[in-house]
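Reader: I have a model open on my screen and would like to go through the labels attached to it. Could you take me through them?

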Amino acid sequence: MSKIVASFLCFFFGQLFMSNAFQINQDSLEVVLSTKKGRERMAALNEISAILRENDQRKAFIYSKEADSLATVYSDTSAKSRALENIGWIYYRQGQWQRSLTYSSEAFRLAHASGDKLQAARLMNNLGAISYEQRDYEKAIVQFKEGYELATAVNDLATRIRSLNNVALNFSRAGNQ
């Protein structure tokens, strides 16, 4: 019984710490954002949008749209890909699969065109998540595996782990059809 209580307390305090860390990071980024212009603002908008897209989708969407506009002005393919990734993920979280697919696919195309393998790997995971939601587990497995390969090429452990976890989840789902 004491192991269960200890596990619960570790989880509870971990979540409490993480939410406070998130708030500090969010506040810090917004302060920094207010001082940025041009390309620096575009980068800051994409960064804060990536952090906010899980917890404050309205604000993340506004920031992502501004980042997308600035990326167009500066002809920055990589920044545009990041902005579209954030918009696509916001639509994913809202259950708007077609919009998510449209934005995420375009973001992947741009990441691939610019040679940004890490960005492409993250987007393969996003596309795999959309396929998962549509119960196309076989397609999702292919996409997550591609995400893993791209993340391996740039030695990004976090994205590799995310990809492998998703492959395992989809294998378990595919076997239950």
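Reader: Why is asparagine 126 called buried?

Author: Happy to start there. First, this is a predicted model in which local features need pLDDT of at least 70 and side-chain atom pairs count only at pLDDT 80 or more, while totals for chains, interfaces and linings use all residues. Residues are numbered from 1 along each chain as its sequence is written, and side-chain values use heavy atoms, with hydrogens and water left out. Buried means under 20% relative accessible area, exposed over 50%, and partly exposed in between (1.4 Å probe, protein chains only). Asparagine 126 has a relative accessible area of 1%, so it is buried.

Reader: What makes the pair of asparagine 126 and arginine 162 a polar contact?

Author: A polar contact is a pair of N or O atoms within 3.5 Å; within protein, one must be able to donate a hydrogen and the other to accept it, and residues adjacent in sequence count only if both atoms are side-chain atoms. The two side chains make such a contact at 3.2 Å. Leaving aside residues up to four places away in sequence, asparagine 126 touches Glu85, Trp89, Ser104 and Arg162, where contact means heavy atoms within 4.5 Å.

Reader: Why is serine 34 called exposed?

Author: Its relative accessible area is 57%, and the label requires over 50%, so serine 34 is exposed. Serine 34 sits in the loop between helix H1 (2-33) and helix H2 (38-52). Helices here are DSSP runs (H or I, at least four residues), as are strands (E, at least two), numbered from the N terminus.

Reader: What makes arginine 135 exposed?

Author: Arginine 135 reaches 62% relative accessibility, therefore it counts as exposed. This residue also has a positive phi of about 60 degrees although it is not a glycine.

Reader: And how do you know that asparagine 155 is exposed?

Author: Its relative accessible area is 61%, so asparagine 155 is exposed as well. Asparagine 155 lies in the loop between H7 and H8, with a positive phi of about 55 degrees although it is not a glycine.

Reader: How do you know how confident the predictor is in the protein chain?

Author: Look at pLDDT, the predictor's confidence in each residue, from 0 to 100. The mean for the protein chain is 86, and 83% of its residues reach 70 or more. Do keep an eye on residues 5-22: pLDDT stays under 50 there, and the model has three contacts beyond four places in sequence for them.
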